[in-house]
Amino acid sequence: MIGSTLTPMAPGGSAMTDPFGRTISYLRVSITDRCDLRCVYCMSEDMTFLPRADLLTLEELDRLCSAFIAKGVKKLRLTGGEPLVRRNMMSLVRSLSRHLHTGALDELTLTTNGSQLARYAAELADCGVRRINVSLDTLDPDKFRAITRWGDLGKVLAGIDAARDAGLAVKINAVALKDVNEDEIPSLMEWAHGKGMALTLIEVMPMGEIGEGRIDQYVPLSLLRARLAGHYTLIDLDDNTGGPARYVRVSETGGKLGFITPMTHNFCESCNRVRVTCTGTLHTCLGHEDASDLRRPLRGSQSDELLGEAIDRAIALKPKGHDFIIDRQHNRPSVSRHMSVTGG
Ligand code: SAM
């Protein structure tokens, strides 16, 4: 069985605070770099995936997450790649849910493309997952196939319905793509809000080689927001969760609309999160090449002492912020790793 105990952290078991006074309470873990889709802005079609032997086992992932929880992480998000394609991943979710029962963890959640959700929604709910994010950029089946290279929109919609039937709150995340879905944003929003789901729009970030220029994909959300404001009343909300999204309430639909604007707005000052890849590499900033290996200390000792020290060292070096740049001079990835490895 995975993770029957939660080993108290020695030394430095107290809350993680970085040099800029930000308390780290949110961990995002990519549990696999594999995905059953190949979204054009995320991966190249012939992506090379990591050798399986490099991946942390589910037991190691559990130990790693539990170490962070012992150090003050309150919110844990499983992501990928596509988290639901990792074999047996429900045993990890089930095992991590013990931290919800003890109250050590406030929220266990995941980000998914929804393609496998119909199968797992009820079990996720049973494990104490209350909310999930589903990535969906279009409601047009042909466009969906083109963006994802072969995805079946029907499966994702069925997954979303299953999640809602299971009582999960669903937030839709859509990457805004120039000339692809930018005109569809109002109808996507009306659809999501009509089902009581929030919609968050995301700007394309320059991460990883994808075989196409970013400049062709990028559309600033400031532009889309201005267009929406021509037809809807957008009321700023200040429910800031420490995350990058800025939210508005749309009067006409009553729903929530979020904007994640790494390119046009700097959201680093309130950053409370770090990311771990499926190989145990800790990234304390999405937009920097900073990386700390946690796999070696994890495997180097049965106790979590080395691991705790490695985490502390990394947090002490968390950068103040980042700047992504996409323009004609910088039409290359700012960060060489793909979102699917880092965990979006
Ligand atoms: N497979 C899951 C999913 O689709 O949600 C989780 C991983 S995916 C990498 C997480 C999110 O990152 C998705 O919403 C995806 O659209 C987004 N994403 C991937 N590459 C991106 C990029 N270069 N810029 C902005 N968002 C990106």
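Tutor: What follows starts with the charged pairs, then turns to the nonpolar core and the cysteines.
This is a predicted model, in which local features need pLDDT of at least 70, side-chain atom pairs count only at pLDDT 80 or more, and totals for chains, interfaces and linings use all residues. Residues are numbered from 1 along each chain as its sequence is written, and side-chain values use heavy atoms, with hydrogens and water left out.

Side chains of opposite charge can pair when their charged atoms come close. The rule used here for a salt bridge is a side-chain nitrogen of Lys or Arg within 4 Å of a carboxyl oxygen of Asp or Glu. The count comes to 14 salt bridges.

Take D312 and K71. Their closest N and O atoms are 2.7 Å apart, in a salt bridge. D312 sits in helix α10 (residues 305–315) and K71 in the loop between α1 (58–70) and β4 (75–79), so this pair ties together parts 241 residues apart in sequence. Helices (H or I, at least four residues) and strands (E, at least two) are DSSP runs, numbered from the N terminus. K71 is buried, because its relative accessibility is 1%. D312 is partly exposed, because its value is 28%.

Next, R131 and E107. They form a salt bridge at 2.8 Å, N to O. R131 is partly exposed at 43% relative accessibility. E107 is buried at 15%.

A further pair is K195 and D161. Here the closest N and O atoms of the salt bridge are 3.7 Å apart. K195 lies in the loop between α7 (185–194) and β8 (198–202), and D161 in helix α6 (residues 153–165), so parts 34 residues apart in sequence are tied together. Both ends are partly exposed: K195 at 29% and D161 at 34%. Elsewhere, salt bridges with shared partners join K75, E107 and R131 into one network.

In soluble globular proteins, nonpolar side chains tend to be buried together. A nonpolar core here is a set of buried Ala, Val, Leu, Ile, Met, Phe, Trp, Tyr and Cys residues joined through side-chain atoms within 4.5 Å. The largest one has 92 residues, and F68, L76 and I172 touch the most other members. Helix α1 gives the most to this core, with seven residues.

Last, the cysteines. With a disulfide taken as a pair of cysteine sulfur atoms within 2.5 Å, the count is zero. An unreviewed UniProt entry lists C268, C271 and C285 under "binding site". They span 18 residues, yet no two of their C-alpha atoms are more than 8.9 Å apart, so they gather at one spot. UniProt positions are given in the numbering used here, with feature names shortened, and annotations may be inferred rather than shown by experiment. C271 lies in the loop between β11 (256–260) and β12 (273–276) and is buried at 13%. C285 lies in the loop between β13 (281–283) and β14 (292–293) and is buried at 9%.

Note on methods: Buried means under 20% relative accessible area, exposed over 50%, partly exposed in between (1.4 Å probe, protein chains only).
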